[in-house]
Amino acid sequence: MTRLTRRAALAGAAALPLVAAATQTRAAAPMMGAGSAPYNRFTLGDLEVTTILAGSRAVPDPQTIFGMNVSAEEFKGAADAAHLPIDQAQFFFTPTVVNTGSELVLFDTGLSAANTTAALAAAGYTPDMVDIVVITHMHGDHIGGLMHDGAPTYPNARYVTGSAEYNFWGEAGNDTFEAQMRPLAEQTTFIEGGTDVVSGITSMDAFGHTPGHMGYLLDSGGKQLLVGADFTNHYVWSLAYPDWEVKFDMDKEKAAETRRSVLNMLASEKMPMIGYHMPWPGVGYVDTRGDGFHYVPQSYQLML
Ligand SMILES: [Zn+2]
């Protein structure tokens, strides 16, 4: 049996000078940097579901965000086991668009209007096409794109959000809320868990990350999917270790309890989820693994 070593592979590459010589007269192609399309569309029954990449960036020192109540050794062990570095993590910001055939529904609006509308444009949508904007919760990376230059970014939209969430931020004295959400109050419908936004889209309480954070269950043609927003925020550190304290969870105990119960539901139902901060394109399945869970990115299941 031949063992392919790194040395043998390099020696093989060195044995190709004729190929290199033959291409020398051609101009070098420019280096383009990493890239992919900022949208990902699939169907779920009669619904068209599109995830939109409204932003992505590297963030230093992830343990200060995701492993606040564990030792540095435990955090490093978990990172090593998942082939992840500990000095930085890549963050993703992923609104979702659902076309029911009669309404275009946008879930969350990104950090700013410009990035989200650019990604929407790549997916074929203009802001005036959006009929309903659903806000899962009122952190700045979800409501930051509601308004633009003092006007609504989505001029024909009405808004839907949880009443508990709105009431909390309404009394919090939060600048982003006051600039982005409060101006739209008159066009907003306030709901509780278990409410149909439109046929096939139902709210689900997932409190803890924020006081009124909600996910949304899509149901069409016998297929279900959870638009989960921020009930779980890292594909390894929040799933494998659901009790690790997360900086952005406002009620850490309640957030951990919600995380376990929603992840259990997804695993037992074999239901796919969209996570706002899961690795792009943000769609995956959940398995139980030991005392925690394991994220399985969608491959082709939703193409079929
Ligand atoms: Zn978020």
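**Exercise 1.** Which residues does Asn 233 touch, not counting residues up to four places away in sequence?

*Solution.* The model is predicted: local features need pLDDT of at least 70, side-chain atom pairs count only at pLDDT 80 or more, and totals for chains, interfaces and linings use all residues. Residues are numbered from 1 along each chain as its sequence is written, and side-chain values use heavy atoms, without hydrogens or water.
- Locate Asn 233: the loop between β15 and α9. Helices (H or I, at least four residues) and strands (E, at least two) are DSSP runs, numbered from the N terminus.
- Apply the contact test, heavy atoms within 4.5 Å.
- Asn 233 then touches Phe 66, His 209, Ser 238, His 277 and Met 278.

**Exercise 2.** Is Asn 233 buried or exposed? Is Leu 304 buried or exposed?

*Solution.* 
- Set the classes: buried is under 20% relative accessible area, exposed over 50%, partly exposed in between (1.4 Å probe, protein chains only).
- Asn 233 has a relative accessible area of 9%, so Asn 233 is buried.
- Leu 304 lies in the segment after β18. Its relative accessibility is 69%, so Leu 304 is exposed.

**Exercise 3.** In what order do the seven strands of the open sheet stand?

*Solution.* 
- Pairing requires at least two DSSP bridges between two strands.
- The order is β12-β13-β14-β15-β16-β17-β18, with mixed pairing.
- β12 (196-198) and β18 (292-297) are the edge strands, each pairing on one side only.
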